[in-house]
Amino acid sequence: MKHKKVGFGAYILLILAVIISVFPFIWSFLAATHTTTQIFQLDYTFKIGNNLIQNIENLMKQAPYMRNMANSVFIAGVYTLGVLLFDSMAGYAFAKYRFKGKEVLFFICIASMFIPQQVTMVPLFIQLSTFGLMDTPWAIIFPGLANVFGVFLMRQSFDGFPDEMIEAARIDGSGDFGIFFKIVVPTMKPAFTSLGILSFVQQWGNFMWPLIAINSKEQYTMPLVLSLMVQPGMIIDYAAVIVGAVISLLPVLILFLIFQKNFIDGILAGAVKG
């Protein structure tokens, strides 16, 4: 298969796209080292300041930031593990099992993606309040474990897994769970990595539902505590806010840089059929 040569104009567009994408990150890292006054001065836009430590101290004075960071790590981590477990098993069942009504059930799952989140918030709030889970991390974790997009992504990935390997393992006496966890899962790392990163990022930046489900500041996640620092009518320390935003960005950025190859392979695996 011959590859077409990329023209000079395409290179220019790609370079512009990279600059536009990367500039906000570079500006944020540099702005985190400036004072609030310097942030709004163009002379300091591309300079490294010396106010980073003071900004971090100011940030810690305004909120229990490390506690909120721990809350976000716990919620996003447990949520991601749950999504990987439940969505992968559901996707595997839709891809490899034959049962009556499978296509109808899968259609219902896909159709549920078009239901706005706002429609489900009131009944969800009532249910979780009845169970006494409000103002706890579980009020954020439980509602999203059955992620329909994750089921769809894993189903597309498992479609390409050889049926012969499953049948051979079944002939050797392996049960369904043994086949799934010992044979299928180890060979589908790119798909799991893709779903894991997407789920972690989604929950890490989740704002609307945690704002409703969490009441105490000690239970706040990163987006909530940052929004608390920019309330109307208060003096806003933008330098501290940007430092908080940069710190909250680092876990996601590091996670993606470590698993970027598997992430890209997993996204393409379900889209390209041999």
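**Spaces, cover and salt bridges**

Author: In this predicted model, helix H4 (65–96) and H11 each supply at least two residues of the lining of the largest cavity.

Reader: Which helix gives the most to the lining of the largest cavity?

Author: The structure holds one cavity of 30 Å³ or more, and about 40 Å³ of space lies in the largest cavity. Its lining is made by Ser72, Ile75, Ala76, Ile140, Gln203, Trp204 and Thr221. With three residues in that lining, the helix that gives the most is H4.

Reader: And which helix gives the most to the lining of the largest pocket?

Author: The largest pocket holds about 750 Å³ of space, and of the 22 residues that line it, Gln117, Thr120, Pro143, Gly144 and Gln202 are the closest to its centre. The elements that give two or more residues to this lining are helix H6 (117–130), H8 and helix H11 (189–204). The helix that gives the most, with six residues, is H6.

Reader: How many of the 11 residues of helix H8 are buried?

Author: Helix H8 spans residues 148–158 and is mostly covered. At its start, a side-chain oxygen of Asn147 comes to within 3.0 Å of the backbone nitrogen of Phe149. The buried residues of H8 are Val148, Gly150, Val151, Leu153, Met154, Arg155, Gln156, Ser157 and Phe158, and of the 11 residues in the helix the number buried is therefore nine.

Reader: Is Arg155, which meets Glu103 in a salt bridge, buried or exposed?

Author: The side chains of Glu103 and Arg155 meet at 3.8 Å, N to O, and the pair links distant parts of the chain, with Glu103 in helix H5 (residues 102–111) and Arg155 in helix H8, 52 residues apart. Glu103 has 49% relative accessibility and so counts as partly exposed. Because the relative accessible area of Arg155 is 14%, and the cut-off for burial is under 20%, Arg155 is buried.

Reader: How many residues apart in sequence are the parts that Lys96 and Asp163 tie together?

Author: A search of the whole structure finds four salt bridges, and one of them joins the side chains of Lys96 and Asp163 at 2.7 Å, N to O. Lys96 lies in helix H4 and Asp163 in helix H9 (residues 163–171), so the parts that this pair ties together are separated in sequence by 67 residues.

Reader: Which residue is linked with Arg170 and Asp176 in a network of salt bridges?

Author: Arg170 forms a salt bridge with Asp176, with the closest N and O atoms 3.3 Å apart. Arg170 is partly exposed at a relative accessible area of 33%, and Asp176 likewise counts as partly exposed at 38% relative accessibility. The residue linked with Arg170 and Asp176 in the network is Glu167.

Reader: What is the area of the nonpolar surface patch that includes Ile12?

Author: Ile12 lies in helix H1 (residues 8–31), and at 36% relative accessibility Ile12 counts as partly exposed. Patches take residues with over 30% relative accessible area, so Ile12 passes that cut-off. Other members include Phe8, Tyr11, Leu13 and Phe46, and the area of the patch is about 1200 Å².

Reader: What separates the C-alpha atoms of Ser216 and Asp135?

Author: Ser216 lies in the loop between helix H12 (208–213) and helix H13 (222–228), and Ser216 is partly exposed, with a relative accessible area of 21%. Although Ser216 and Asp135 are 81 residues apart along the chain, their C-alpha atoms are separated by 7.0 Å.

Key
Residues are numbered from 1 along each chain as its sequence is written. This is a predicted model: local features need pLDDT of at least 70, side-chain atom pairs count only at pLDDT 80 or more; totals for chains, interfaces and linings use all residues. Side-chain values use heavy atoms; hydrogens and water are left out. Helices (H or I, at least four residues) and strands (E, at least two) are DSSP runs, numbered from the N terminus. Buried means under 20% relative accessible area, exposed over 50%, partly exposed in between (1.4 Å probe, protein chains only). A polar contact is a pair of N or O atoms within 3.5 Å; within protein, one must be able to donate a hydrogen and the other to accept it, and residues adjacent in sequence count only if both atoms are side-chain atoms. Patches are made of residues with over 30% relative accessible area and no salt bridge: like charges are joined within 9 Å, nonpolar side chains (Val, Leu, Ile, Met, Phe, Trp, Tyr) within 5 Å. Accessible areas come from the Shrake-Rupley method with a 1.4 Å probe; for residues, only the protein chains shown count as cover. On a 1 Å grid over the protein atoms alone, a cavity is a set of points where a 1.4 Å probe fits but cannot get out, and a pocket is an open set with protein on both sides within 12 Å along at least five of seven lines; lining residues have an atom within 4 Å of a point. Grid points are joined across faces, edges and corners, and a volume is the space filled by probe spheres set on the points.
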